[in-house]
Every structure is written in structure tokens, then in C-alpha cells.
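Open your viewer and keep the selection panel at hand. This tour goes stop by stop, saying what to pick next and what is there.

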Amino acid sequence: MRAVLATRRGGWVTFGFLLVAVLTTVAFVTFQITSRASVESPVPAPGAAVSDRSPTVAFSLDNADRVGDLTILIDGADVTDTAQ
């Protein structure tokens, strides 16, 4: 008696499992990329020079509900605790 995977039907079963695994991975990665959080409309613009010693820095988050933790750095300094 031959092993199931050595038969033509066993090959199709293996191919089916592989196809489902690949499609599931592609769907998961696509969802993660398209629904990730991103910073929108930063003011002032990144790299901009400002004359005010204490400028107001503002931005919005697209898909903010997907942010688990957020750290805000300005010129390398962590200002998360002072953000409003």
C-alpha cells in the first residue's frame, strides 16, 4: 500500500494546504499594511525651522485606534508626558 502523500490525490491535498496557507498570509499582511496607524498633517513640517522658542507642535493619527503605545520625540527628547 502506497503512502497517501505519494499518490496524485495526496499531492493535490498538499497543494491545497499550501495554497490556503499562502492566501491567508497574503490577506493578513495586506490587512496589516492597509490599516496601520500613521501620522498625518504634522505642523510644523518635518525639518522646518521656526522662530518661536516654544512652538505648538500638532499632528493627527490616521487609524489611531490601532496604536497600542505612543512615544513622542522632539529633537530626540521624549515629550510624551507633556503632550495633550
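We begin with the whole chain and then move along to single residues.

**Before you click**

This is a predicted model, in which local features need pLDDT of at least 70 and side-chain atom pairs count only at pLDDT 80 or more, while totals for chains, interfaces and linings use all residues. Residues are numbered from 1 along each chain as its sequence is written, and side-chain values use heavy atoms, with hydrogens and water left out.

**Stop 1: the whole chain**

Show the cartoon and trace it from the N terminus: the order of elements is α-β-β-β-β, that is, 1 helix and 4 strands. Helices (H or I, at least four residues) and strands (E, at least two) are DSSP runs, numbered from the N terminus.

How much of the chain is buried? Buried residues make up 4% of the 84 residues, where buried means under 20% relative accessible area, exposed over 50%, and partly exposed in between (1.4 Å probe, protein chains only).

Among contacts in the chain with a separation of 6 or more, 27% are between residues 24 or more positions apart. A contact here means heavy atoms within 4.5 Å.

Colour by charge before moving on. There are 6 positive and 8 negative side chains, and the centres of the two sets lie 31 Å apart. Lys and Arg count as positive and Asp and Glu as negative, with His and the chain ends not counted; each charge is placed at NZ of Lys, CZ of Arg, CG of Asp or CD of Glu.

**Stop 2: W12 and F15**

Rings of Phe, Tyr and Trp (its six-membered ring) pair if their centres lie within 6.5 Å; planes under 30 degrees apart count as stacked, over 60 as edge-to-face and the rest as tilted. By this rule there is 1 aromatic pair. The ring centres of W12 and F15 are 5.9 Å apart and the planes stand at 90°, so this pair is edge-to-face. W12 counts as exposed at 58% relative accessibility, and F15 as partly exposed at 44%.

**Stop 3**

Most residues other than glycine have a negative phi, and most peptide bonds are trans. With that in mind, select V43 and P44: a cis peptide bond joins them, with omega about -10°. P44 belongs to the loop between β1 (38–43) and β2 (58–62).

Step back to S41, in strand β1. S41 is not a glycine, yet its phi is positive, about 50°. The residue is exposed, with a relative accessible area of 55%.

Then jump to D75, in the loop between β3 (73–74) and β4 (77–78). D75 also is not a glycine and has a positive phi of about 50°. D75 is exposed, at a relative accessible area of 82%.

**Stop 3: L70 and T80**

Finish by selecting L70, in the loop between β2 and β3, together with T80, in the segment after β4.

Leaving out residues up to four places away in sequence, L70 touches L61 and T80, while T80 touches L70, T71 and I72. Both are partly exposed: L70 has a relative accessible area of 41%, and T80 has 25%.
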